[in-house]
Amino acid sequence: MLVEQLDLETRSKLYNHTKKVLRKYQKGILSGKITADKFADNILCNDSINNILDSQTLNEQDFKQSYIGYIEKLIHI
């Protein structure tokens, strides 16, 4: 499953959670110390995302790749 295939409510929760964490690590991201793939791995391993997505979706490689692309888009915005 890809991020784009999630329902609207789940995407909204995922967006809000991701933006909150992005703001927290903004300096590291802008300096290049934290890359989008490291950032995605850290978020997906965190227990707080389990409230938004099920473990099956979190473990899918396609979802991880689409989430990394999603994070890169948010960083460039």
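Guide: Begin with a definition. Angles between helices run from 0 to 180 degrees, taken between N-to-C directions. Keep in mind that this is a predicted model.

Visitor: At what angle do α3 and α5 pack?
Guide: Helix α3, residues 36–45, packs on α5 at an angle of about 120 degrees. Their axes are 9 Å apart. The crossing of α3 and α5 is right-handed.

Visitor: Which residues of α3 and α5 make the contact?
Guide: From α3 come Ala36, Asp37, Phe39, Ala40, Ile43 and Leu44. From α5 come Phe63, Lys64, Tyr67, Ile68, Ile71, Glu72 and Ile75. Contact here means heavy atoms within 4.5 Å.

Visitor: How do those residues of the contact of α3 with α5 divide?
Guide: There are 10 nonpolar, no polar and 3 charged. Asp, Glu and Lys count as charged.

Visitor: What makes the contact between α1 and α5?
Guide: α1 brings Arg11, Leu14, Tyr15, Thr18, Lys19 and Leu22. α5 brings Phe63, Tyr67, Tyr70, Ile71, Leu74 and Ile75. The residues of this contact divide into 9 nonpolar, 1 polar and 2 charged.

Visitor: How much space lies in the largest pocket?
Guide: About 170 Å³.

Visitor: Which residues line the largest pocket?
Guide: Among them are His17, Val21, Phe39, Asn42 and Ile43. α1 and α3 each supply at least two residues of the lining.

Visitor: How does the lining of the largest pocket divide into nonpolar, polar and charged?
Guide: The lining has 5 nonpolar, 4 polar and 1 charged. Lys24 is in that lining, and Lys counts as charged.

Key
Residues are numbered from 1 along each chain as its sequence is written. This is a predicted model: local features need pLDDT of at least 70, side-chain atom pairs count only at pLDDT 80 or more; totals for chains, interfaces and linings use all residues. Side-chain values use heavy atoms; hydrogens and water are left out. Helices (H or I, at least four residues) and strands (E, at least two) are DSSP runs, numbered from the N terminus. A crossing is left-handed if the near helix is turned anticlockwise from the far one by less than a right angle, and right-handed if clockwise. On a 1 Å grid over the protein atoms alone, a cavity is a set of points where a 1.4 Å probe fits but cannot get out, and a pocket is an open set with protein on both sides within 12 Å along at least five of seven lines; lining residues have an atom within 4 Å of a point. Grid points are joined across faces, edges and corners, and a volume is the space filled by probe spheres set on the points.
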